[in-house]
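Hello,

Here is the structure I said I would pass on. My notes follow below it.

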Amino acid sequence: MIPYRSVLNALHDYVPGKSIEEIRELHGLAQVIKLASNENPLGASPKAREAYLQAVSELHLYPRGECPHLRNALSARFALRPEQLILGNGSDEILAFIALAYLEPGTEALSCAPTFSVYEAVTLAMGAAYRSIPLLDWKFDLEALAGAVTPQTRVVFVCNPNNPTGTWVGRAGLLAFLRAVPSNVLVVVDQAYSEFADDSDYSDLTVDLSEFSNLLLVRTFSKVWGLAGLRVGYAMGQPEVVSKLWKVKPPFDVNTAAQVAATAALDDREHLQKTLQLNSQGKAQLLQGILPLGLQVLPTQANFLAIHVGPRGPALVAWLESKGMIIRGLKNFGIPEWIRVTVGLEAENRRFLELLLEARQNGFI
Ligand SMILES: Cc1ncc(COP(=O)(O)O)c(C=O)c1O
């Protein structure tokens with residue numbers, strides 16, 4: 001065997017949401033609905049599709065690694081300087097850049113649990129330690145997290161809104177946290193779902209980047225922007241922090257089609273509004289169907305709901321799959337009695353609710 005880095009032994013394989021194709025083949029189904037990965041049920045913006053198709057004439061050319069147009073569009077949108085931004089092949093890759101640039105053996109990263117598993121994976125891959133504090137009332141426990149910082153702590157990951165719970169922490173709590181954490185600890189706020197957040201207490205913190213030199217905001221085009229298949233994510237922070245990420249970035253990781261489609265998507269206000277409206281209607285529709293069943297649903301600021309279904313959670317997930325409904329069981333997040341359901345189209349949500357009722361009649365809930 002070729003010797004490899006021993007830290008790999010501590011890593012689990014990432015378990016993604018099941019694909020429509022997999023479930024179709026496995027159960028011989030014609031129709032499968034996927035409400036498992038928090039994608040945009042409307043698909044990509046028509047403007048993004050058009051830009052993507054146009055990119056075909058440039059397939060033989062390397063992309064521009066610095067993503068100038070997309071970077072400029074984002075810096076204008078957030079009133080930042082271009083050197084405050086970096087793009088990557090999905091925000092997963094941005095998280096890997098953070099680990100590559102800031103973590104090494106003898107250092108540690110902190111977060112809460114349950115949360116997005118990639119924070120732990122990228123940390124362990126660097127040979128650094130990963131510690132997590134339990135959520136408090138299903139929310140990031142920022143006080144405990146600040147108290148857990150040690151001289152070894154280099155990075156703290158805060159997922160807001162949190163995946164898989166959808167819960168969020170408000171502006172005052174985040175600012176108090178940023179003041180409590182030493183300025184030589186990088187605070188990464190993962191805002192994959194921030195565009196969906198409409199609570200008056202939710203803040204995207206972009207205006208606070210000038211005050212906190214250790215704050216880094218991470219975002220993605222995979223959720224509200226409907227471009228999960230193209231893989232575009234970005235980070236915003238002070239140039240000193242962002243410049244370290246550029247050092248570990250592969251030169252051509254964000255492809256040409258992804259760059260032009262993401263830039264066009266940003267410009268499509270109409271599609272964004274439609275997406276946000278569909279999400280709030282869909283959330284209301286789902287809650288209206290679920291709450292009468294007496295199930296606990298966590299308050300959410302994202303495009304998904306976390307639902308307590310009880311001890312037969314994993315069996316329910318498998319049964320739903322056999323009926324052509326893919327949702328996310330939260331066993332791998334350490335909460336097997338819970339499921340996470342993405343808000344879909346009206347008919348998709350309706351089908352989920354029908355099946356939930358049938359599941360209750362069949363004793364799964
Ligand atoms: C909280 C959070 N961060 C990051 C990601 C990664 O997104 P992507 O790599 O598609 O940008 C996800 C995807 O589910 C997520 O839920």
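Strand β7 (residues 215–220) is largely enclosed by the rest of the structure, because 6 of its 6 residues are buried (20 or more other C-beta atoms within 10 Å of a residue's own, with C-beta atoms placed from the backbone). Strands here are DSSP runs of E of at least two residues, helices are runs of H or I of at least four, and both are numbered from the N terminus. This is a predicted model: local features need pLDDT of at least 70, side-chain atom pairs count only at pLDDT 80 or more, and totals for chains, interfaces and linings use all residues. Residues are numbered from 1 along each chain as its sequence is written.

Both faces of β7 are covered, with Leu215, Leu217 and Arg219 buried on one side and Leu216, Val218 and Thr220 buried on the other. Strand β6 (residues 186–190) runs parallel to β7 and is joined to it by 4 bridges; Asp190 stands opposite Val218. Strand β8 (residues 233–237) is antiparallel to β7, with 5 bridges, and Thr220 stands opposite Gly233.

Thr220 is also among the closest residues to the ligand, together with Gly90, Ser91, Asp92 and Ser222, in a shell of 13 (C-beta atom within 6 Å of the ligand). Helix α4 (residues 90–102) gives the largest share of that shell, 3 residues.

Elsewhere, the axes of helix α2 (residues 46–54) and helix α9 (residues 256–266) come within 8 Å and cross at roughly 155° (axes are lines fitted to C-alpha atoms over the stretch in contact, and angles run from 0 to 180 degrees between N-to-C directions). The two helices, α2 and α9, are therefore roughly antiparallel (over 145 degrees).

Regards

Technical notes
A residue is buried if 20 or more other C-beta atoms lie within 10 Å of its own, exposed if 12 or fewer, and partly exposed in between; C-beta atoms are placed from the backbone. Two strands pair if DSSP finds at least two bridges between them. Angles under 35 degrees count as roughly parallel, over 145 as roughly antiparallel, 65 to 115 as roughly perpendicular and the rest as oblique.
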